[in-house]
Amino acid sequence: TKTYAMTGGASGIGAALKESLQARGDRVIVVDLKNADIIADLSTVEGRQHAIAGITELATDGLDGFVACAGLPPVAEPLSLITQVNYFAAVATIEGVVDLVAKKNGAIVSVCSNSAPLPGLNEEHIELLLAGKEAEACALIETLDGHNAYAGSKNALTKWTRRNAAEMMRKGVRLNGIAPGMTRTPLTDKVFADETLGDATREFSKCISYGDLATPDMIADAMLFLLDPAARYVSGSILFVDGGQDALLRPDQF
Ligand code: NAI
């Protein structure tokens with residue numbers, strides 16, 4: 001049996017991945033606010049430590065893979081929660097379990113977003129994230145907006161993933177990112193229901209080549225690939241799974 005751990009496995013994309021892994025007989029350790037093997041609030045340093053300690057206790061032989069999936073939408077409040085969960089918790093949990101994943105020469109997937117390359121992002125905020133300055137980044141984001149909090153956190157997580165892939169590879173671990181496009185989950189329901197971001201998001205969702213939003217299993221299937229030995233030569237890649245939206249919007253950027 002293979003053993004995987006993930007954050008955010010109680011809902012949406014994470015839950016779809018958990019179900020796929022369990023359906024083929026793999027063991028999955030889930031960290032989330034509820035309905036999880038380890039209940040932890042990843043917005044806090046203590047919560048992240050509790051999560052890492054819990055995974056370490058449950059996966060003594062190591063992990064075949066880890067997915068940092070927990071995340072909050074651009075409409076979460078306060079905005080600093082998005083910074084804490086989407087960026088700092090992802091980085092802290094990945095760093096906290098990397099030795100467990102190295103034991104089995106496994107793979108790590110950071111859950112980024114196809115919103116990461118969108119325009120209008122504050123560079124200073126992204127630099128603070130990448131510099132690990134959580135308090136400063138949280139203070140700055142309160143003066144900005146949900147787009148900066150969300151897409152900014154994903155932009156920094158994408159860069160962090162690319163910057164750290166080589167170091168992880170030296171430990172025998174493959175680190176890749178996945179960049180989902182809009183996917184039908186409780187997270188997008190909250191965005192569509194928002195007075196300010198709802199209409200803008202509906203408009204944005206019209207330019208998806210596939211013609212519709214993703215369902216969570218479409219994203220989970222791509223995550224399964226990144227976790228699988230079939231992807232054994234894939235490292236530092238950001239896999240866009242967005243129905244062609246990024247290629248449509250930025251055909252010459254890659
Ligand atoms: P979701 O809301 O269905 O699931 C997110 C999970 O994260 C929930 O189970 C929630 O409890 C957990 N979580 C949130 N805050 C937490 C905290 N402080 N501590 C522990 N767990 C916490 O969302 P969805 O859509 O499945 O998103 C999963 C990931 O995919 C997120 O990182 C999101 O940013 C990313 N993503 C989602 C897209 C979408 O359109 N749904 C598009 C691109 C990326």
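Q: At what angle do helix α3 and helix α4 pack, and how far apart are their axes?
A: Helix α3 (residues 79-102) and helix α4 (residues 123-130) pack at about 50°, and their axes are 10 Å apart. This is a predicted model, in which local features need pLDDT of at least 70 and side-chain atom pairs count only at pLDDT 80 or more, while totals for chains, interfaces and linings use all residues. Residues are numbered from 1 along each chain as its sequence is written, and side-chain values use heavy atoms, with hydrogens and water left out.

Q: Why is α3 called oblique to α4?
A: The angle between the two helices is about 50°. Angles under 35 degrees count as roughly parallel, over 145 as roughly antiparallel, 65 to 115 as roughly perpendicular and the rest as oblique. That makes α3 oblique to α4. The angle runs from 0 to 180 degrees between N-to-C directions, with axes fitted to C-alpha atoms over the stretch in contact. The helices are DSSP runs (H or I, at least four residues; strands are E, at least two), numbered from the N terminus.

Q: Which residues make the contact of α3 and α4?
A: Thr83, Tyr87 and Phe88 of α3 meet His125, Leu128, Leu129 and Leu130 of α4, where contact means heavy atoms within 4.5 Å. This contact of α3 with α4 has five nonpolar, two polar and no charged residues. The classes are Ala, Val, Leu, Ile, Met, Phe, Trp, Tyr, Cys and Pro as nonpolar, Asp, Glu, Lys and Arg as charged, and the others, Gly among them, as polar.

Q: What makes α4 and α6 oblique to each other?
A: The axes of α4 and helix α6 (residues 146-170) cross at roughly 45° and come within 9 Å. α4 and α6 are therefore oblique to each other. The contact involves residues of α4 including His125, Ile126 and Leu129, and residues of α6 including Gly152, Ala156 and Trp160. By class, the contact of α4 with α6 holds six nonpolar, five polar and three charged residues.

Q: Why is α3 described as roughly parallel to α6?
A: α3 and α6 pack at about 15°, with their axes 8 Å apart. That makes α3 roughly parallel to α6. Among the residues in contact are Ile82, Tyr87 and Ile94 of α3, and Ala149, Tyr150 and Leu157 of α6. The contact of α3 with α6 has 13 nonpolar, three polar and two charged residues.

Q: Is the crossing of α3 and α6 left-handed or right-handed?
A: The crossing of α3 and α6 is right-handed. A crossing is left-handed if the near helix is turned anticlockwise from the far one by less than a right angle, and right-handed if clockwise. α3 and α4 also make a right-handed crossing, and α4 passes α6 in a right-handed crossing.

Q: How many residues surround the ligand, and which are the closest?
A: The ligand is surrounded by 29 residues, and the closest are Ser11, Asp32, Tyr150, Thr183 and Thr185. A residue is near a molecule or strand if one of its heavy atoms lies within 4 Å of it.

Q: Where is Pro78?
A: Pro78 is in the loop between β4 (65-68) and α3. A cis peptide bond joins Glu77 and Pro78, with omega about -10°.
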